[in-house]
Amino acid sequence: YCFKECSNLESVKLPKNAKAIGNSAFFGCKKLKKIKLPKKIKWIGDRAFGYCEHLKEVVLHFQDCYIL
């Protein structure tokens with residue numbers, strides 16, 4: 001729930017060593033338009049990007065990832 005419902009969040013660039021995105025981490029971030037996911041991401045939680053109505057670009061750089 002780290003950024004849940006952050007109404008002014010428009011883009012996210014996670015650190016290179018990030019390994020997971022928790023459940024509902026960006027849930028309801030209605031202005032979120034873009035997120036860049038690092039190579040080390042192995043797990044993306046349930047509803048991590050739920051209700052991100054303006055999310056148009058997800059940059060992926062990983063090979064093995066479990067997405068709920």
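Biologist: What should I know before reading?

Modeller: This is a predicted model, where local features need pLDDT of at least 70 and side-chain atom pairs count only at pLDDT 80 or more, while totals for chains, interfaces and linings use all residues. Residues are numbered from 1 along each chain as its sequence is written, and side-chain values use heavy atoms, leaving out hydrogens and water.

Biologist: What is the mean pLDDT of the protein?

Modeller: pLDDT is the predictor's confidence in each residue, from 0 to 100. Where it is low, the predicted coordinates should not be read in detail. Here the protein's mean is 87, and 91% of its residues reach 70 or more. Strands are DSSP runs of E, at least two residues, numbered from the N terminus.

Biologist: In what order do the strands of the sheet stand?

Modeller: Strands of a sheet pair through backbone hydrogen bonds, either parallel or antiparallel. Two strands count as paired if DSSP finds at least two bridges between them. In this model, three strands form an open sheet in the order 1-3-5, with parallel pairing. Strand 1 (11-13) and strand 5 (57-59) are at the edges, each with a single partner strand, so one side of each has no neighbour in the sheet. Strand 3 (residues 34-36) pairs with strand 5 over three bridges. There, K36 stands opposite V59 in strand 5.

Biologist: Which residues have the most contacts inside the largest nonpolar core?

Modeller: In soluble globular proteins, nonpolar side chains tend to be buried together. A nonpolar core is a set of buried Ala, Val, Leu, Ile, Met, Phe, Trp, Tyr and Cys residues joined through side-chain atoms within 4.5 Å. The largest one here has 15 residues, and V12, L14, I21, F26, L32, L37 and I41 have the most contacts inside it.

Biologist: Is I35 buried or exposed?

Modeller: Buried means under 20% relative accessible area, exposed over 50%, partly exposed in between (1.4 Å probe, protein chains only). I35 has 0% relative accessibility, so I35 counts as buried. I35 lies in strand 3. Contact means heavy atoms within 4.5 Å. Leaving aside neighbours within four places in sequence, I35 has contacts including V12, L14, V58 and V59.

Biologist: Where is S24?

Modeller: S24 sits in the loop between strand 2 and strand 3. S24 counts as buried because its relative accessibility is 3%. Beyond four places in sequence, S24 touches Y1, K4, D46, R47 and A48.

Technical notes:
Helix = DSSP H or I, 4+ residues; strand = E, 2+ residues; numbered from the N terminus.
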